[in-house]
Amino acid sequence: MLHDIDLSRVDLNLLVLFEAVMAERNVARAAERLSLSPSAVSHGLGRLRRLLNDPVFLKTPRGVTPTERALSLAEPIADLLARADRHQHEIAGG
């Protein structure tokens, strides 16, 4: 899962993008949520696909659906982002 990925090469923004697309199941809505263009989200998904060596999300008539690999990464990525957010708040407040 995440331990198979060289996290030193990962742009944390790609994980934020992953989480938004996972939640929205739609590139345009994820772009709106992130205040990005749909093109920027698509480009980020391309980078994520190369990093994970997986399609990550597959196009459907109603948006996108996650691959099995994406589903297996959803919880670890959400946990990692939550921990990063808590750490950021601890630094800012402490």
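Which residues does F18 touch, not counting residues up to four places away in sequence? In this predicted model, F18 touches L48, V56, F57, A70, L73, A74 and I77 once those sequence neighbours are set aside.

- F18 is found in helix α1, and because its relative accessibility is 2%, which falls under the 20% cut-off, F18 counts as buried.
- Although F18 and G44 stand 26 residues apart along the chain, their C-alpha atoms are separated by 8.7 Å.

**How α1 meets α2**

- Helix α1, which covers residues 12-24, and helix α2, which covers residues 27-34, have axes that come within 8 Å and cross at roughly 130 degrees.
- The crossing in which α1 passes α2 is right-handed, and the contact is made on the α1 side by V16, L17, A20, V21, A23 and E24, and on the α2 side by R29, A30, R33 and L34.
- When the residues of this contact are divided by type, seven are nonpolar and three are charged, while no polar residue takes part.

**Helix α3**

- Helix α3 runs over residues 38-52, and at 1.5 Å a residue its 15 residues should span 21 Å, which agrees with the 21 Å between its end C-alpha atoms.
- Within α3, the residues V41, G44, L45, G46, L48, L51 and L52 are buried, and the buried residues of this helix pack against α1, α2, β1 (57-60) and α4 (68-93).
- L48, one of these buried residues of α3, is also among the residues that F18 touches.

**Two loop residues with positive phi**

- R25 is found in the loop between α1 and α2, and it has a positive phi of about 55 degrees although it is not a glycine.
- Because its relative accessibility is 34%, R25 counts as partly exposed, a class that lies between the buried limit of 20% and the exposed limit of 50%.

Conventions:
Residues are numbered from 1 along each chain as its sequence is written. This is a predicted model: local features need pLDDT of at least 70, side-chain atom pairs count only at pLDDT 80 or more; totals for chains, interfaces and linings use all residues. Side-chain values use heavy atoms; hydrogens and water are left out. Axes are lines fitted to C-alpha atoms, for helices over the stretch in contact, and angles run from 0 to 180 degrees between N-to-C directions. Helices (H or I, at least four residues) and strands (E, at least two) are DSSP runs, numbered from the N terminus. A crossing is left-handed if the near helix is turned anticlockwise from the far one by less than a right angle, and right-handed if clockwise. Contact means heavy atoms within 4.5 Å. Ala, Val, Leu, Ile, Met, Phe, Trp, Tyr, Cys and Pro count as nonpolar, Asp, Glu, Lys and Arg as charged, and the others, Gly among them, as polar. Buried means under 20% relative accessible area, exposed over 50%, partly exposed in between (1.4 Å probe, protein chains only). The expected span of a helix is 1.5 Å times one less than its number of residues.
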